[in-house]
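Q: Could you take me on a close look at a single part of this structure? I would enjoy one connected account of how it sits among its surroundings.

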Amino acid sequence: MLKVEGLTKKYRNIVAVDNISFTLNRGDIAGLLGPNGAGKSTTIKTIVGLLRKNSGSITVGDHPHTSRDAKKKFTYVPEAPELYDMLTVWEHLQFIAYAYDVAGFEDKAERLLERFDLWDKKDKLAKELSKGMKQKVSICCGLLPEPLLYLFDEPMIGLDPKSIRETKLIFKELSAQQKTILVSTHLLDSIENLCGRVLVLKQGKIIVDMAMEEMKRKLGNSESVSLEELFLEVTRDE
Amino acid sequence: MNEFRLLARRDGWIMANYFLEIKHNPKRLGVYFLYLLWIGALVFNMVARYRNPTEIQAQLGSQIIGAGFTGLAAAFFLYSLYHSTLESSTFFTMGDLHLLFPTPVSPKKVLLYSMVKQSLSHIFLYSFFILALMPLILNITKVNLQHFPFLYLGFISLLLVVAPLNFLVFAIGSKYGLHRRLQQAVLALIAVFTLYLAWSIIASGDLWQGLLQGLNAPWLCYLPVIGWGKVVFMTAVTGYSAWSTIGLVLQFLFLAGCIILSYRTADDYYEDTLKATAQRALRRKQRAGIGKKRGFSPTFSRKNLSIPKMGSGPWAFLWRSKVEYSRSDFHPYLGFWALIFLLAGIAVGIFAAKGAGGLTAVYTTNGIIAYIIFFFSASNATQHELAKPYIFLIPASNLLKIVGSNLADILRMSANILALNIPLGILLKVPLPTIIIMIVFGVSFYILNLGANFLTRIIFRNTLDQKALYPLFLMLQVLLLLLPGAVVGGVLAFLFQNPALVFAGIAVVNIIIIGILLLLSNKLFARLEWT
């Protein structure tokens with residue numbers, strides 16, 4: 001579904017992402033982990049096409065990632081939700097539905113808003129919403145087109161416990177529908193039981209790319225070891 | 001859905017929501033009414049001050065307007081062009097970045113739509129500038145109001161071209177890796193233009209005459225954008241000719257060319273616009289009083305600093321200011337602006353020394369500085385600190401916190417005003433007491449404005465109200481804080497027939513008001529909230 005090969009992204013002379021490669025297949029939920037400044041957001045923004053790659057290739061369902069065919073296949077939920085101040089919650093979903101040509105979006109939008117407790121806020125302008133609510137709207141916008149690939153950059157930040165639980169449930173449902181998810185997060189416990197696969201970035205390089213179970217096995221730890229402990233183990237400075 | 005229709009629909013919703021917001025919150029209409037009053041005042045001023053200059057006055061005035069237009073247009077155009085080699089212009093919002101850019105909508109169509117939309121909105125918005133400029137133009141020369149549309153279009157065409165041209169230059173630079181070469185080319189253009197002006201001045205043997213001749217040279221009219229714009233602009237002053245229409249058509253062809261070329265070149269421009277869009281969003285927040293704002297300083301950014309502790313509690317604010325200014329300027333208190341004020345003082349001093357009105361120049365210059373402070377200090381140190389929680393959290397008396405957080409800015413402004421007045425005093429042989437009055441006037445005016453910002457924050461707690469009711473702020477500031485000083489100063493000057501006493505009166509009243517504000521600081525501070 002998503003194929004990244006030899007991706008390098010530099011900001012002037014600073015290498016933010018250094019020759020990384022990975023492939024995500026249908027139904028994969030992969031966690032993109034790493035310390036601050038490791039290059040997680042840059043990787044996702046480059047896949048989305050917001051940033052230009054310096055070298056390498058990115059394809060989404062065999063289409064170059066910036067092509068319209070590729071963009072029809074994925075959605076993106078950014079780290080800091082920036083909405084149109086003067087559009088209401090409902091109009092945001094309407095706009096996304098038109099942009100992605102979502103047929104009969106009203107029912108889907110209503111269900112999403114209800115799941116995230118936003119139905120009573122549907123006529124509120126974005127500028128009147130709190131940061132957490134904006135994040136929920138942003139997630140709903142990302143979920144509405146029901147694409148094959150979902151790119152989430154720190155989706156849980158600012159969410160209330162119920163919305164975190166809802167998001168996790170949705171991840172599971174999407175995975176069951178053979179949808180692919182790449183999620184970058186620091187809240188390791190929130191994705192611990194969701195991700196089948198973990199990509200750990202450090203200083204722009206992928207230092208771990210393996211199934212969660214395999215990672216636990218290789219590090220010689222038992223089932224009770226948490227993702228947090230594994231993460232700290234692999235990112236520990238030598 | 002058709003992509004242009006999608007974008008138009010989104011803007012339709014936004015527009016409708018603005019009207020709905022006014023319906024739900026009719027006090028916003030009051031703001032628009034104030035703007036209308038302001039426009040009305042401009043038009044009234046234009047009509048009331050219209051006088052028929054003599055032929056000689058009109059001819060000289062026409063030369064001044066022509067040279068002024070060319071000079072300002074060239075400076076603006078070349079600066080924008082240089083800036084475009086460093087950073088792209090933007091037509092987008094943060095919402096576009098996060099919601100629109102990742103969608104399957106064609107980036108080219110997004111760009112074309114946004115460029116045309118911005119151009120159309122600017123045609124309307126910039127009309128206020130022209131209205132504001134008209135009284136000045138009418139005072140200098142004769143204007144044929146029948147050809148007023150040319151004057152407007154000449155001005156607007158210049159402004160409209162800049163953003164698409166900047167975008168195009170940056171896009172070409174990014175696409176073909178030519179940023180450095182383009183930068184060198186623009187610098188060469190700037191050097192050629194500067195040398196040309198220098199040559200004109202030397203050839204004529206007189207600064208003003210040289211500038212007037214150089215900037216009114218007929219060949220300049222053939223230059224794209226600057227020259228063509230001037231031909232169109234000057235139609236209302238010098239009369240209509242076939243060139244007026246040709247210039248107008250050429251300007252709009254150039255604009256269309258820029259937009260079409262941008263459309264064809266830019267297929268992967270999203271990254272280029274990220275920084276400019278984020279900065280635009282930040283400026284909007286700053287205007288609403290919720291973002292960090294620091295004075296413009298085109299200097300450097302030093303990383304390794306070692307600023308010693310300046311005391312505890314509220315003096316941490318002073319230390320922080322010192323670190324920030326040391327990082328971004330020549331010196332924490334003597335910055336880039338002190339240099340500009342010094343140069344302005346020397347320049348005004350030299351020119352005024354040639355004429356007769358030495359003291360008038362001192363009064364006018366200080367009056368202009370006060371006017372600028374009044375309009376541009378609306379969000380500064382106080383807003384900057386109030387936008388963060390620390391001023392509410394650090395344990396110290398409110399009075400000291402206010403002093404600590406504003407002291408660096410006050411010292412910097414004092415240095416600027418000293419730098420302006422010392423050369424004025426020396427070159428124009430102004431009596432020392434007058435110069436001292438001017439310095440106290442400027443500094444007290446600045447401090448009073450800091451206090452005024454503080455008060456507006458208390459009166460209008462909602463940042464949206466602060467933004468929307470900005471004209472009302474200014475009026476309140478004038479009524480509550482500036483008018484008493486002006487009245488006292490005016491009465492003193494009338495009684496003793498000494499214009500310097502206007503400034504002395506204002507300074508004394510300012511100091512009294514500042515004292516009262518500081519005395520009441522505990523009560524005022526208690527009404528503040530961190531938003």
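A: Happy to! Buried means under 20% relative accessible area, exposed over 50%, and partly exposed in between (1.4 Å probe, protein chains only). Helices (H or I, at least four residues) and strands (E, at least two) are DSSP runs, numbered from the N terminus. This is a predicted model, in which local features need pLDDT of at least 70 and side-chain atom pairs count only at pLDDT 80 or more, while totals for chains, interfaces and linings use all residues. Residues are numbered from 1 along each chain as its sequence is written, chains are lettered from A and ligands numbered from 1 in the order in which they are written, and side-chain values use heavy atoms, with hydrogens and water left out.

Let us settle on helix 5 of chain A, residues 131–143. The buried residues are G132(A), Q135(A), K136(A), V137(A), S138(A), I139(A), C140(A), C141(A), G142(A) and L143(A).

What covers them? In chain A, the cover includes strand 6 (74–77), helix 3 (89–99), helix 4 (105–115), strand 7 (149–153) and helix 6 (161–176). Chain B takes part too, with its helix 4 (94–100). Looking at the two chains together, 32 residues of chain A are in contact (heavy atoms within 4.5 Å) with 31 residues of chain B.

Notes: Expected span 1.5 Å × (residues − 1).
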